[in-house]
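Look at the sequence and the model before reading on.

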2 protein chains.
Amino acid sequence: MKDSMDNSIIDKLQNFYIQLISQFGHCTGVSPSRFRLLHKLYHVDEINQTTLQKELQIDSAAITRHLKQLEGDGIVTRRNNPDDNRFTLVRLTELGRQEIVAYREEKILFMAQLLQGFSEEEQKLFSHMIERMRNNITKGRNEE
Amino acid sequence: MKDSMDNSIIDKLQNFYIQLISQFGHCTGVSPSRFRLLHKLYHVDEINQTTLQKELQIDSAAITRHLKQLEGDGIVTRRNNPDDNRFTLVRLTELGRQEIVAYREEKILFMAQLLQGFSEEEQKLFSHMIERMRNNITKGRNEE
DNA sequence: TAATATTAATTGATATATCAACGATTGATG
DNA sequence: CATCAATCGTTGATATATCAATTAATATTA
């Protein structure tokens, strides 16, 4: 039982990611899930919850609860799709967009720190590697 | 407000990691935290909880609860350090080691899939990049 | 030695995530 | 048209994570 695969890439990734999330979360004061949710909303005009769920891989119950809370805080609005009342369409309010701009500034600072010493090519290479791995493990499933 | 940094490395990393954890978790049937905990225990003979907490960056309350449960399942044993009764020394049982061997086999399979098409050099490069990023964000803090 | 401070582990309160079950709406089929 | 199936969102039960407060043991210091 030799340690040929210990401190493997998965282990390193996990340790790294935990660190990253912990630091980044403290920067922005927002949990990773919520950050991803807001980030997604920032990039679409209006979107229904199931699409959010699928793209973010967050449980639909969690989606509902996040959005309820965000709606209460005035960050998003929700309305039914008039063409199909099953769908709930979500969009950021102006306030919501403003908040996110602040987060994004934090994020830029954080990324600058994270990527210190990385050339453009290295960054591209890294992104590409992540992409390849993601393809490897999502292979054989329907793409989003 | 241009999208110069959208779909940034952080976003990609998050999306990728969520995927990875989801798939990997389904493979082994163990949560990421618990997996990391067991993995650590596998590599040390005996360790106290605070050290675990610091190295894994898991809350000490979570450590306690995990270990209680694992103890109940016969995966670990706990005893007080005779030299200092504040410390609780944890170690895997034989059963625990056997279980982990099974997880490790799942992990090997999963990693093979994850790293399909990656040469040795690419894997090393990727690890190194992660390491560099980790250093970038842990800079100025006491190392573990 | 007695009083105080520090450290490890635990517990309680709370927040957030997941799974399963449910209700409401729409689509499909006889 | 009526029934059945499928889809979206919500809720409840439960598991797990975090923070703050607590307890027990040890170290420090007057």
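## Core, sheet and DNA contacts

The largest nonpolar core holds 75 residues, and the ones that touch the most other members are A:Leu67, A:Phe126, B:Leu67 and B:Phe126. The model is a predicted one. Leaving aside residues up to four places away in sequence, B:Phe126 touches A:Ile9, A:Leu13, A:Phe126, A:Met129, A:Ile130 and A:Met133.

Chain B contains an open sheet of three strands, ordered 1-3-2 with antiparallel pairing. Strand 1 (47–48) and strand 2 (76–81) of chain B are at the edges with a single partner strand each, so one side of each has no neighbour in the sheet. Six bridges join strand 2 of chain B to strand 3 (residues 84–92) of chain B in the antiparallel sense. Within chain B, B:Thr77 is opposite B:Arg91 of strand 3. Helix 2 (residues 32–43) of chain B packs on this sheet and touches strand 1, strand 2 and strand 3 of chain B. The direction of helix 2 makes about 95° with that of strand 3 of chain B.

DNA strand C is surrounded by 22 residues, and the closest are B:Gln49, B:Thr50, B:Arg65, B:Lys68 and B:Thr88. Of the atoms of DNA strand C that come within 4 Å of the protein, 67% belong to sugar and phosphate. Both chains supply parts of the surface near DNA strand C, including helix 4 (60–72) of chain A and helix 3 (49–56) of chain B, each with at least two residues.

| Residue | Atom of DNA strand C | Distance |
|---|---|---|
| A:His66 | phosphate oxygen | 3.0 Å |
| B:Thr50 | phosphate oxygen | 2.4 Å |
| B:Arg65 | base nitrogen | 2.7 Å |

Notes
Residues are numbered from 1 along each chain as its sequence is written. Chains are lettered from A and ligands numbered from 1 in the order in which they are written. This is a predicted model: local features need pLDDT of at least 70, side-chain atom pairs count only at pLDDT 80 or more; totals for chains, interfaces and linings use all residues. Side-chain values use heavy atoms; hydrogens and water are left out. A nonpolar core is a set of buried Ala, Val, Leu, Ile, Met, Phe, Trp, Tyr and Cys residues joined through side-chain atoms within 4.5 Å. Buried means under 20% relative accessible area, exposed over 50%, partly exposed in between (1.4 Å probe, protein chains only). Contact means heavy atoms within 4.5 Å. Two strands pair if DSSP finds at least two bridges between them. Helices (H or I, at least four residues) and strands (E, at least two) are DSSP runs, numbered from the N terminus. Axes are lines fitted to C-alpha atoms, for helices over the stretch in contact, and angles run from 0 to 180 degrees between N-to-C directions. A residue is near a molecule or strand if one of its heavy atoms lies within 4 Å of it. A polar contact is a pair of N or O atoms within 3.5 Å; within protein, one must be able to donate a hydrogen and the other to accept it, and residues adjacent in sequence count only if both atoms are side-chain atoms.
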